[in-house]
Amino acid sequence: MSIAEIVVAAGLVSLALGAVSGFALLAAVDKPELLKRVGVVDLVRVRQVHLDWIIMGVVMIAVGLAVSNMPLWAGVLTLFGGVVNPATFLPMAFSRTVASTRTFQTVSFISFCSLSVGLISNSLVYISRFVS
């Protein structure tokens, strides 16, 4: 399995998580007390993780299919950022203070940098096909 295929597979899993998390979003709107009982303190983060799983899923699928020859390092950066970025909303749903911790901020920063460098690099790899 190539890194591009792994990125596509991760994108499909992310889309599936986005679909399933729609139930949590429904609960956040219609029955917020259910989520509060399991420890959710910030219902807005439920919507954010739901949307980000869908968005990152589509992004990873598109990049993986478009750039089948992506370098391993660019694929790993895209994969890391595409998986970790949405996941950062989960701890924020359960804690109003986690985002202010050094560890959380570091992970978020590395994840955003990883995704940015990975996507820019894959864009350049794709565009280089057409430039002689």
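**A surface patch and an aromatic pair**

Tutor: Tyr126, Ile127, Phe130 and Val131 form a nonpolar surface patch with about 410 Å² of accessible area together. This is a predicted model, in which local features need pLDDT of at least 70 and side-chain atom pairs count only at pLDDT 80 or more, while totals for chains, interfaces and linings use all residues. Residues are numbered from 1 along each chain as its sequence is written, and side-chain values use heavy atoms, with hydrogens and water left out.

Student: What makes a patch?
Tutor: Its residues have over 30% relative accessible area and no salt bridge; like charges are joined within 9 Å, and nonpolar side chains (Val, Leu, Ile, Met, Phe, Trp, Tyr) within 5 Å. A salt bridge is a side-chain nitrogen of Lys or Arg within 4 Å of a carboxyl oxygen of Asp or Glu. Accessible areas come from the Shrake-Rupley method with a 1.4 Å probe, and for residues only the protein chains shown count as cover.

Student: Is Phe130 buried or exposed?
Tutor: Phe130 is exposed, because its relative accessibility is 59% (buried is under 20%, exposed over 50%, partly exposed in between; 1.4 Å probe, protein chains only). Tyr126, at 33%, counts as partly exposed.

Student: How many aromatic pairs are there?
Tutor: The count is 1 aromatic pair. Tyr126 and Phe130 form this edge-to-face pair, at 5.3 Å centre to centre with 65° between the planes. Rings of Phe, Tyr and Trp (its six-membered ring) pair if their centres lie within 6.5 Å; planes under 30 degrees apart are stacked, over 60 edge-to-face, and the rest tilted.
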